[in-house]
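Open the model in your viewer and keep the selection tool handy. We will go from stop to stop, picking a few residues at a time.

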Protein chains: 2
Amino acid sequence: MKAMVYYGTNNIKLEEVAVPEVQPGTVLVKVKYTGICGTDLHEYHKQGFSKVPMILGHEITGEIVNIGESVSNYKVGDRVVIEPIITCNECSSCRKGNYNTCEHLQSYGLHHPGGFAEYILVKEKNLVPLPENMSYELAALVEPAAVAMQAVKSSALKIGDKAAVFGGGPIGLLVTQCAKAAGASQIIVVEIEEKRQQLALEMGADYVINPQKEDAVKRIRELSNGGVDVSFDAAGVEATFHAGLSSLIPGGELMIISVFTKPVAYNIEIQRLGERKINTSRAYKNIFPQVISLMEKGSININPIITSKISLKDIVEQGFNKLSSSKDECKILVSPE
Amino acid sequence: MKAMVYYGTNNIKLEEVAVPEVQPGTVLVKVKYTGICGTDLHEYHKQGFSKVPMILGHEITGEIVNIGESVSNYKVGDRVVIEPIITCNECSSCRKGNYNTCEHLQSYGLHHPGGFAEYILVKEKNLVPLPENMSYELAALVEPAAVAMQAVKSSALKIGDKAAVFGGGPIGLLVTQCAKAAGASQIIVVEIEEKRQQLALEMGADYVINPQKEDAVKRIRELSNGGVDVSFDAAGVEATFHAGLSSLIPGGELMIISVFTKPVAYNIEIQRLGERKINTSRAYKNIFPQVISLMEKGSININPIITSKISLKDIVEQGFNKLSSSKDECKILVSPE
């Protein structure tokens with residue numbers, strides 16, 4: 001089969017590799033689409049989490065083409081999305097059901113071969129069934145939508161609350177949709193790029209703010225009449241961290257979703273005087289079926305963020321390079337065909 | 001009446017000033033004891049929050065000696081403790097009942113004359129009745145105990161959980177007692193001074209750790225078998241902030257009570273990977289009667305932290321200076337007699 005094999009920083013090659021053989025408890029999935037995540041992009045530019053050689057890609061959907069022994073809930077021909085997290089099932093987090101904070105957390109596409117290939121072998125427990133009427137394009141977005149929905153679910157946001165979202169990339173935009181679906185009465189998105197500002201409005205933002213053109217905190221406090229209940233950080237830089245905290249009403253919560261690659265200078269007193277809280281969300285747990293259900297009902301519409309569909313062979317030029325340089329790209333789906 | 005009048009950094013004088021005249025809705029309280037708080041000490045050494053000239057002291061108890069018009073729930077001779085917070089009753093925090101984060105928060109002893117005097121004039125709404133059998137010495141500790149109890153109440157701590165307390169000053173020790181009363185199954189106190197370590201054991205700590213002699217995080221993780229559910233920061237320095245976060249199990253909460261006078265370098269990723277939370281607590285709300293009730297029942301015993309009782313005239317030498325220099329002092333009560 002064809003696969004994009006990653007060998008380390010800026011080194012990825014289209015190669016012919018053997019189709020994996022099914023083992024007991026596993027199924028072979030013919031990949032339809034795999035989305036390019038910020039993690040793939042970051043990994044391509046600088047090797048971090050992954051072992052090499054590795055097939056990257058963890059936002060994966062496809063059709064089952066072969067089944068191992070003792071697989072009982074799926075059959076050949078089933079349409080599935082893959083929840084890529086692999087956990088130890090033994091650490092204290094796993095035993096509490098919080099497998100997203102598993103001490104030995106791994107993932108298809110980082111530690112085990114992922115979706116930038118024609119086929120992927122996965123355990124039955126990593127499969128989630130797709131409804132008949134859901135396109136594979138949308139199905140490829142279930143994974144990032146799960147990240148966003150988990151963050152909204154784990155946050156303090158309740159129906160009627162006001163929210164600010166920092167960063168209009170795929171996760172920020174999906175958080176915007178989920179916050180709207182959760183009943184937020186006002187959603188303000190802070191984003192620099194015009195294309196993403198437009199997408200934010202399509203995805204449910206009531207207002208967008210360009211922090212290069214105006215004081216985001218001041219504007220949020222004006223628009224929300226004193227501050228928002230929850231700020232979501234989907235940008236991950238010191239400026240958004242501070243703005244996120246400073247945009248909150250007393251008692252409000254900053255929910256951090258993004259990876260912060262550097263420490264920030266943190267003035268705790270600003271937080272403490274208003275009894276503000278900082279919460280964090282990592283990946284997801286037990287939420288893929290809920291995401292699919294809300295997508296099916298139309299409660300969350302994630303179609304607008306797909307900006308390109310490309311072929312596996314073009315993943316560097318049309319995928320990684322374009323995401324790094326083009327201001328008009330958001331989510332790019334990769335098809336092995 | 002005699003009063004210690006504060007004129008700014010390191011400038012406080014025993015003076016004869018007029019006894020305040022009762023106004024409608026206010027009562028005159030003859031002060032029995034006023035505790036010296038870290039805030040008083042900090043204010044004495046460096047003027048910060050207070051207007052001057054000012055009578056400091058906000059941990060106040062005494063007996064009502066005169067009553068203004070329209071005071072209906074108290075009479076001369078009543079024994080009371082004073083909840084010193086003065087709020088605007090109009091801002092969004094006040095309207096939600098969260099008057100401890102009032103935008104215009106003031107306090108007796110910082111913005112209005114406080115307890116380092118023979119008498120204090122306070123509004124009826126700032127009075128809380130004392131039970132017959134509670135000594136004035138203990139009553140003077142209701143205010144700091146309220147700070148501690150509010151932090152435990154606002155934290156994620158539930159019966160059976162494990163807790164670490166950073167800092168064995170009055171607030172850390174009172175948090176220790178309150179965590180015990182809240183049903184914590186293990187309490188570990190991190191404190192450098194030997195006298196305060198002993199007090200911590202008296203106040204309910206199962207273990208004390210001297211962070212100058214051993215790696216506090218490593219030891220906490222060993223003792224708690226992987227981390228505590230809640231860390232309380234009652235020290236307020238970068239080292240305790242980091243240790244507090246790093247001592248938590250995944251999903252655990254760092255509850256910040258202390259004032260951080262400097263920003264800290266904050267590596268958010270350590271928190272996010274374990275979905276840890278940072279919470280903050282400021283002062284108290286509607287909790288004095290609960291504190292008094294638990295003290296009366298013996299559920300919290302705060303007597304051990306009183307290390308000295310001194311006269312008003314000796315407040316600098318026997319109070320502020322001793323707290324700054326002596327390793328054996330914890331809570332010092334000041335009597336105007």
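Start by selecting the residues where the chains meet: 31 residues of chain A are in contact with 31 residues of chain B, contact being heavy atoms within 4.5 Å. This is a predicted model, in which local features need pLDDT of at least 70, side-chain atom pairs count only at pLDDT 80 or more, and totals for chains, interfaces and linings use all residues. For your selections, residues are numbered from 1 along each chain as its sequence is written, chains are lettered from A and ligands numbered from 1 in the order in which they are written, and side-chain values use heavy atoms, leaving out hydrogens and water.

Together, chain A and chain B bury about 2800 Å², with 54% of it on carbon and sulfur atoms; buried area is the accessible area (1.4 Å probe) that two parts lose on being put together, summed over both. How many residue pairs are in polar contact between chain A and chain B? The count is 13, with both residues at pLDDT 80 or more; a polar contact is a pair of N or O atoms within 3.5 Å, where within protein one must be able to donate a hydrogen and the other to accept it, and residues adjacent in sequence count only if both atoms are side-chain atoms.

On chain A, now highlight strand E14 (248-256), strand E15 (264-266), helix H9 (268-273) and strand E16 (277-280), each of which supplies at least two residues of the side that touches chain B. Helices (H or I, at least four residues) and strands (E, at least two) are DSSP runs, numbered from the N terminus. H9(A) gives the most to that side, with five residues.

Next, move to chain B and select helix H7 (residues 216-223), where B:Ala216, B:Val217, B:Ile220 and B:Leu223 are buried (under 20% relative accessible area, with exposed over 50% and partly exposed in between; 1.4 Å probe, protein chains only). Look down the axis of H7(B): the buried residues fall within an arc of 135 degrees, so they line one face of the helix. The arc is that of the directions from the helix axis to the C-beta atoms. Their cover includes strand E13 (228-233) and helix H8 (238-246) of chain B. At the start of H7(B), a side-chain oxygen of B:Asp215 comes to within 3.1 Å of the backbone nitrogen of B:Val217.

For the last stop, zoom in on A:Val52 and A:Pro53, joined by a cis peptide bond with omega about -10 degrees.
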